[in-house]
Amino acid sequence: MLEINTYAATSATGDLVPTRITRRDVGPHDVLIDIKFSGICHSDIHTVRGEWGDQQYPLVPGHEIAGIVTEVGSEVTRHSAGDRVGVGCMVNSCRECVNCLAGEEQYCLAGNIGTYGAKDVDGTITQGGYATHVVVNEDFIVRIPQGLGLDVAAPLLCAGVTTYSPLNHWNAGPGKKVAVIGLGGLGHMAVKIAHAMGAEVTVLSRSLKKQEDGLKLGADHYYATENPETFEALAGSFNLIINTVSASIDISAFLQLLSLDGALVNVGAPAEPLPVNAFALITGRRSFAGSMIGGIRETQEMLDFCAEHKIGAEIEVISAEDINKAYERVLASDVHYRFVIDTSTLV
């Protein structure tokens, strides 16, 4: 067993604090990763604060992990010591259901095993990337191309693939008009990726406060949704809308912005339900859908795409001692656009 340094939540209400934990020994199909950077996702906050269900503590969050392979198991064939690798939101699945066999492990019918706060195959609770090292099965590790810095690549393991997957599935590209609701950790990646795919991109944000940023990131247009005229002006405009907001919004109003056969895809995960007026759907043969991260194959595809198009996350690198301040800043929307922990500060 390897004893390592982490930052962990010890309750749903307290701060994260330095905590020593042990990682399992490297098994035949395992890889030991020296974590260099770990992104902070809003999901981390929801989870450690018990907003998505009760948790077992101490709990080490973090599912945007980038690092270097330091040891591989005897049967490992995909990775070698020195490789630049990443780990996202899951570390295992049943491997047998129709979804897993199709390379969509995130939709495992038995439930995928999350990178933290989930029961692993050995009965232990998984612990995430706010740590110096992690041991992961080789099949759930992806390669980070040389063209991407490990720091800007870390958020791609969640925010990147969470937005790439629906843009890819719903065929964003030349001739398509795509709107992105919210310009935060997810939203800024959706804008970058949709722009690189060749779509005409519009940001729909509450105000125009981030308009300059949005246009620099690749948006063609930027509208404030606090202005009621926005919904009149843009009615029936978009083929695809990606909702990145993890809060309750008027979904029916946004559905009216879709063209015939358009789709509004929810990737944000608010704790409360999102009611929908049926007439907002049936009057335009519109779809209201959801999408969750991506499978391992698609995550690798996303990383390769981002490297080709020189896309990384917009980040602010912090030390471990600033994690709790970063949480408060995320909740206050005071981040441009992803906090990334330099794990060398976990001492």
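**Entry 1: around helix 4.** I began with the neighbours of helix 4: its buried residues pack against strand 10 (177-181), helix 5, strand 13 (238-243), strand 14 (258-266), helix 10 (296-308) and strand 17 (338-342). For my own reference, contact means heavy atoms within 4.5 Å, and buried means under 20% relative accessible area (1.4 Å probe, protein chains only). Helices (H or I, at least four residues) and strands (E, at least two) are DSSP runs, numbered from the N terminus.

I noted that this is a predicted model, where local features need pLDDT of at least 70 and side-chain atom pairs count only at pLDDT 80 or more, while totals for chains, interfaces and linings use all residues. Residues are numbered from 1 along each chain as its sequence is written, and side-chain values use heavy atoms, with hydrogens and water left out.

**Entry 2: how covered is it?** I found 9 of the 11 residues of helix 4 (residues 159-169) buried. Among them are Y164, P166 and L167. Just after the helix, I saw N171 take a positive phi of about 60°.

**Entry 3: helix 4 meets helix 5.** I looked up the two axes (lines fitted to C-alpha atoms over the stretch in contact, with angles from 0 to 180 degrees between N-to-C directions). They come within 8 Å and cross at roughly 45°.

Notes. Buried means under 20% relative accessible area, exposed over 50%, partly exposed in between (1.4 Å probe, protein chains only).
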